[in-house]
Amino acid sequence: MDEDAIRGIHRIYIIGCGSAYHVGMAARYVFESLARLPVEVDVASEFRYRNPVLEPDSLALVISQSGETADTLAALRLCKDRGVRTVGIVNVVGSSIAREADATMYTWAGPEIAVATTKAYSTQMAVLNLLGLYFGEVMGTVDYETYTAMIRDILDLPEKLEQVLAQADRIREMAKDFAGRDDVFFIGRNLDYALSLEGSLKLKEISYIHSEAYASGELKHGTISLIEEGTPVIALSTYGPLFDKAMSNVVEVQARGARVLALTTETHREAMLARTDRVLTVPEVEPMLLPQLGVAPLQLLAYYIALER
Ligand code: BG6
């Protein structure tokens, strides 16, 4: 797509299943914030059957590790039939989605061995961060400081991820606390909400513990009644601008007796330690890159809980 074609886009649809859908949920914030484009995110199995109103001056980003998931492929075909330009974000070279999309960006993650995908999330997120940043540059909606900070932090991600992984022993210790539980709640706002969806999916997928992800602000509309003495709540609060709101949700669930494990940034570590001693951190990074760091401790937590069980 040349720059004029990109400037002609007025809406983005992001479609996927499972973890790919969760990447889309996080990427929505990236495209809205950097490129100022309206974004709709859908699970492919819903999108394809709801006769969506698709506008021709829009772009569909179709995310799939395998490139063969039937619902995602059907959603791609629907977009094409309705004249919507499609871009596949795909790992498997030469797969159906890669072949049928108008354009494909490969994630080059190598063969996916486990069903509970991990590296697909990170690489899809990386592609969408780059694409969102590029769209922002072309649209003229991203300022120079943010642009250079994003590039710097993208280049620093491997080193920052090493710092996150250095907490593996602590995560393993914390996992013992959660392994005997039947229900776990993940809560977060904004990017942390998108991240909570993936953290929750990983946990149930490999440990067989029931878990739910909630947008923190929605808790009070009914679900809070399920939080009682000892209920594990994994409170995600990496997104700095909403840290105070996240903290108020921690206080809210603790008032009902929840055992809170928090994931926040190093900057907010001390503040969170005042509420709970179970705190994991990610280094400071441009906010849109937070899910790429934040997903790792959640994947490890799910893994260690599964081992414990
Ligand atoms: C599910 C897997 O069956 O398919 C998930 O358990 C995956 O991990 C989802 O995210 C979608 O797969 P794909 O290949 O379309 O990304």
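Predicted model: local features only at pLDDT ≥ 70, side-chain atom pairs only at ≥ 80, totals over all residues.
Strand β4 (residues 85–90) and β3 pair in the parallel sense, over six bridges. Two strands are said to pair here if DSSP finds at least two bridges between them. Within this pairing, Leu61 stands opposite Val87 in β4. Strand β1 (residues 11–16) also pairs with β3 in the parallel sense, in this case over five bridges, and Ile15 stands opposite Val62 in β3.

Residues are numbered from 1 along each chain as its sequence is written, and side-chain values use heavy atoms, with hydrogens and water left out.

I remain with β3 for a moment. How many of the residues of strand β3 are buried? Seven of the seven residues, 58–64, are buried, so the strand is largely enclosed by the rest of the structure. By buried I mean under 20% relative accessible area; exposed means over 50%, and partly exposed lies in between, with a 1.4 Å probe and protein chains only. In a regular strand the side chains alternate between the two faces of the sheet. Both faces of β3 are covered: Leu59, Leu61 and Ile63 are buried on one side, and Ser58, Ala60, Val62 and Ser64 are buried on the other.

I turn now to the charged side chains. The structure holds 15 salt bridges, a salt bridge being a side-chain nitrogen of Lys or Arg within 4 Å of a carboxyl oxygen of Asp or Glu. One of them joins the side chains of Arg7 and Glu3, at 3.2 Å from N to O. These two residues are four residues apart in helix α1 (residues 3–7) and are therefore separated by about one helical turn. Arg7 is partly exposed, with a relative accessible area of 39%, and Glu3 is partly exposed, with a relative accessible area of 39%.

The next salt bridge is between the side chains of Asp71 and Arg48, at 2.7 Å from N to O. Asp71 lies in helix α4 (residues 70–81) and Arg48 in the loop between α3 (44–47) and β3, so the pair ties together parts that are 23 residues apart in sequence. Asp71 is partly exposed at a relative accessible area of 22%, and Arg48 is partly exposed at 28% relative accessibility.

Glu100 counts as partly exposed at 22% relative accessibility, as does Arg77 at 39%.

Which residues form a negative surface patch? They are Asp182, Asp183, Glu228 and Glu229. Patches are made of residues with over 30% relative accessible area and no salt bridge; like charges are joined within 9 Å, and nonpolar side chains (Val, Leu, Ile, Met, Phe, Trp, Tyr) within 5 Å. Lys and Arg count as positive and Asp and Glu as negative, while His and the chain ends are not counted. The place of a charge is taken as NZ of Lys, CZ of Arg, CG of Asp or CD of Glu. Accessible areas come from the Shrake-Rupley method with a 1.4 Å probe, and for residues only the protein chains shown count as cover. Asp182 lies in the loop between α8 (168–178) and β6 (183–188) and is exposed, with a relative accessible area of 59%.

Finally, the backbone. Most residues other than glycine have a negative phi. Asn51, however, has a positive phi near 45°. Asn51 is placed in the loop between α3 and β3 and counts as exposed at 57% relative accessibility. Asn190 likewise has a positive phi, of about 55°, although it is not a glycine; Asn190 lies in the loop between β6 and α9 (191–207).
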